Amino acid sequence: PFVNGRWILLQLELRDSLLYNFNRHLTYYAFLLFRIATIPFYWSISAYYFQTSQFGRCSWSLIVILFVSGIALDLLNVQWFSRLKEGNLNPCGESDQ
């Protein structure tokens with residue numbers, strides 16, 4: 001919802017408004033809380049189950065999907081977060097992509 005809100009505010013030419021600035025910060029902290037902060041939790045749970053006998057009963061395709069998609073999505077999230085961080089620290093250099 002924050003990205004859509006940003007787009008709407010840009011269409012209304014409210015980029016310099018307090019609401020746009022608030023939305024920008026809200027996007028940054030929501031992404032941090034729900035995408036970045038959950039990475040260690042996900043991998044600690046995965047490591048825990050990796051050591052159980054239940055994990056050995058999973059098919060190899062499921063195990064590959066678990067690790068490959070987890071690593072790929074985490075790398076994408078970290079990359080996106082670094083871009084959000086740059087935009088949050090330097091709002092004037094922000095691009096309208």
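Predicted model: local features only at pLDDT ≥ 70, side-chain atom pairs only at ≥ 80, totals over all residues.

Me: Great. How do α3 and α5 pack, at what angle and how far apart are their axes?
Reply: Helix α3 covers residues 38-50 and helix α5 covers residues 60-89. They pack at an angle of about 165 degrees, and their axes are 11 Å apart.

Me: So what does that make them, roughly parallel or roughly antiparallel?
Reply: Roughly antiparallel, because angles over 145 degrees count that way. The crossing of α3 past α5 is left-handed.

Me: And what about α2 and α5, how do those axes cross?
Reply: They cross at roughly 155 degrees and come within 10 Å. That angle is over 145, so α2 and α5 are also roughly antiparallel to each other. Their crossing is left-handed too.

Me: Staying with α5, is Ile 63 buried or exposed?
Reply: Ile 63, which is found in helix α5, counts as buried because its relative accessibility is 11% and the cut-off is under 20%.

Me: How far is Ile 63 from Phe 50?
Reply: Their C-alpha atoms are separated by 9.4 Å, and the two residues are 13 apart along the chain.

Me: Switching to the surface: which residues form a nonpolar patch?
Reply: Trp 7, Ile 8, Leu 12 and Leu 14 do, with about 420 Å² of accessible area together.

Me: Where is Leu 14 found, and why does it count as partly exposed?
Reply: Leu 14 is in the loop between α1 (2-11) and α2 (18-36). It counts as partly exposed because its relative accessibility is 34%, between the 20% and 50% cut-offs.

Key: Residues numbered from 1 in each chain as written. Heavy atoms only, no water. Patch = residues over 30% accessible without salt bridge, like charges linked within 9 Å, V, L, I, M, F, W, Y side chains within 5 Å. Areas by Shrake-Rupley, 256 points an atom, 1.4 Å probe, with all protein chains shown as cover. Salt bridge = Lys/Arg side-chain N within 4 Å of Asp/Glu carboxyl O. Helix = DSSP H or I, 4+ residues; strand = E, 2+ residues; numbered from the N terminus. Buried < 20%, exposed > 50% of the residue type's maximum accessible area, 1.4 Å probe, protein only. Axes fitted to C-alpha atoms, helices over the stretch in contact; angles between N-to-C directions. Parallel < 35°, antiparallel > 145°, perpendicular 65-115°, else oblique. Left-handed = near helix turned anticlockwise from the far one by under 90°.
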